[in-house]
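Here's a quick briefing to read with the model open.

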Amino acid sequence: MLAIDAHDVTKTFKSGWLRPTRTAALRGVSLTVPRGTIVGLLGPNGAGKTTLLSILATLLTPDSGSVRVLGHDVVRDAARLRRRLNMASGRPSFLWSLRVGEIVAFYGRLYGLSGSKLRRRVDELIELCELGANRRTPYSELSTGLKQRVALAKSLVNDPELLFLDEPTLGLDPDVSVRVRRHIADLRSQRGITIVLTTHYMREADELCDEIAFIKAGRILARGTPAELKRRIRLGDVIALRLDPPAVPWLGEAPGVLRCRAVDGWVECTVDGAEKRLPDLLRALSAEGIAVRNVRVREPELEDVFVELAR
Amino acid sequence: MSWRAELLAVWAVVVRNALMASRNVFFFFELLFWPIVGVLSIGLMTRFLHLTPAQASFVLIGTIALSIVNVCQLEVAYAVLLDVWSKSLKHQFLAPIGIRHLTLGSWLVGMARGGVLFLLLAALGWWAFDFRVLAPGWLAVAVFLLGCFLNAWIVGVFVCALIALFGNRAEAFAWASVNLVLVLAGLYYPVSVLPEPVATVAAAIPLTYFLDAYRAHFGFAPEFRAPIATGLALSVVYAALAHWCFFAAIQRARRTGLLLKMSE
């Protein structure tokens with residue numbers, strides 16, 4: 001069963017009156033998301049991630065293409081669809097002088113909750129998002145992390161089947177980010193919610209997502225599991241060496257070495273296969289009288305994939 | 001959408017607007033300061049100019065109507081303005097809420113504020129100028145207030161449409177629009193004194209008819225035939241038109257991306 005089935009979606013924004021300029025945000029994007037999965041949309045700034053997310057969430061209408069979300073057409077059947085999905089943004093904003101509990105209750109009423117059902121739901125979400133101490137705090141007085149938690153609580157008020165998270169950990173302290181990521185993973189594992197998220201943090205995508213779609217200039221350039229993407233891009237392995245003396249000019253020209261760069265006192269060599277190339281490199285360095293103080297080998301990270309694709 | 005869900009969505013907006021109003025420092029100025037200053041200054045002017053009691057009541061009815069329309073239409077405009085100011089518009093329209101819930105919920109709060117204001121100004125008018133605005137009886141007062149509230153609703157919804165169409169730039173309409181009504185609807189003078197083309201425009205404003213009908217209770221000959229029926233009929237037409245404009249403006253904002261821009 002698909003939660004999202006989008007084909008050939010385009011969106012162009014126009015601005016200006018006298019000399020209108022057109023910016024193509026999406027150029028024929030197709031995306032399918034199976035139910036119960038977490039899919040990440042990755043890409044550089046201005047790639048079209050938020051535009052795609054907004055179309056899927058019915059906040060923006062596409063120029064062309066077909067988009068079905070939870071079986072509903074996002075344009076013709078938007079009103080019914082809105083009851084079944086929700087969204088939280090990494091740059092949340094709610095009415096300043098409303099208190100945390102009042103914000104969650106306001107959205108709860110819009111989704112048809114009232115009386116004791118509404119009170120129970122608000123209590124449950126305030127506990128889940130660790131907002132108990134701030135329940136009566138006006139929104140304007142909350143820290144960034146607390147505001148993000150309010151956004152998450154609001155996004156769960158209707159127990160959505162599909163949740164869109166736009167940069168959910170943007171600007172959060174590391175410990176809070178870890179807790180938010182744990183919440184997100186729990187939402188899928190415990191409630192079976194399908195989640196589509198955009199993020200700039202590769203570790204977050206690697207940790208949370210079953211699949212990743214990489215968007216650039218309004219097109220999906222690559223799609224797959226994090227491991228598949230790393231394999232498909234053929235980035236090779238990274239051998240990091242701490243050498244004495246630290247600079248070895250010929251290392252980049254050695255057989256099987258794709259590129260070399262100095263990073264914080266280490267020389268990082270990307271090679272076509274670490275198992276095959278490491279013994280050769282160590283032998284060559286030893287023959288030249290260069291001492292190897294330390295060695296690390298790692299597979300490419302999603303960040304390397306991102307850099308490669310964004311190039 | 002079931003009736004229960006419809007009512008709950010309207011109630012959500014009522015609670016939200018009421019909470020925001022109760023925490024807004026400008027609430028005091030909107031509800032008390034400006035209206036009281038308005039009635040006192042106009043009332044004192046009628047004394048200075050030695051107007052007859054009938055003439056004074058004509059002008060004071062206009063002042064009271066202006067204050068009520070102003071307070072109520074601002075509350076309707078807040079349906080969108082509050083979210084524009086706090087950049088939360090996208091959350092609003094991501095939820096299953098229709099424009100009817102937004103405008104009706106905020107109108108209910110506006111009517112409550114307008115009703116309280118009317119009673120305050122009625123008491124002030126009686127105490128300071130011996131002007132008995134409630135003298136025509138509760139039914140006539142209710143029809144007059146309904147006319148003011150309907151006009152406020154219409155103006156407020158048009159303001160919401162303009163904001164959804166042009167963004168924050170249209171914010172000034174929220175405060176300016178009521179002054180147009182002031183000039184055209186004959187708040188301080190009968191519309192018959194207006195030059196012909198302007199008088200025709202005045203005749204297209206529902207408030208003109210409700211003022212005409214209410215002033216008839218104070219001894220002024222009505223300028224229009226069946227003013228209440230005409231005022232109500234015009235109000236229905238304008239209310240439908242205003243809601244259509246607001247709906248179309250929101251659809252356009254979804255197309256152009258303005259809905260998202262106003263949330264950034």
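## Quick briefing

B:L49 counts as exposed because it has 10 other C-beta atoms within 10 Å, and the cut-off for exposed is 12 or fewer. Bear in mind that this is a predicted model.

**Around B:L49**

- You'll find B:L49 in the loop that links α2 (26-48) and α3 (53-85) of chain B.

**Where chain B meets chain A**

- On the chain B side, 27 residues are in contact with 24 residues of chain A.
- Which elements of chain B give two or more residues to the side that touches chain A? They are α1 (3-22), α4 (89-94), α10 (227-256) and α11 (258-261) of chain B.
- The largest share of that side comes from α1(B), with nine residues.
- Sorted by class, the side of chain B that touches chain A has 16 nonpolar residues, six charged ones and five polar ones.

**Chain A as a whole**

- Chain A has 14 strands and ten helices.
- Its C-alpha trace spans about 80 × 50 × 45 Å along the principal axes.
- Of the 311 residues in chain A, 40% are buried.
- Take the contacts in chain A with a separation of 6 or more: 68% of them are between residues 24 or more positions apart.

**The four-stranded open sheet in chain A**

- The strand order in this open sheet of chain A is β2-β1-β4-β5, with antiparallel pairing.
- Why do β2 (21-34) and β5 (72-73) of chain A each have one side without a neighbour in the sheet? Both stand at the edges and have a single partner strand each, so one side is left without a neighbour.
- Strand β1 (residues 2-15) of chain A runs antiparallel to β2(A), and eleven bridges join the two.

**Strand β11 of chain A and its partners**

- Strand β11 (residues 237-244) of chain A is joined by five bridges to strand β13 (residues 266-271) of chain A, and the two run antiparallel.
- Here A:V238 has A:T270 in β13(A) as its bridge partner.
- β11(A) also pairs with strand β14 (residues 291-298) of chain A, over seven bridges and again in the antiparallel sense.
- In that pairing, A:V297 in β14(A) is the residue opposite A:I239.

Technical notes
Residues numbered from 1 in each chain as written. Chains lettered and ligands numbered in written order. Predicted model: local features only at pLDDT ≥ 70, side-chain atom pairs only at ≥ 80, totals over all residues. Buried ≥ 20, exposed ≤ 12 C-beta atoms within 10 Å, placed from the backbone. Contact = placed C-beta atoms within 7 Å. Nonpolar A, V, L, I, M, F, W, Y, C, P; charged D, E, K, R; others polar. Pairing = 2+ DSSP bridges.
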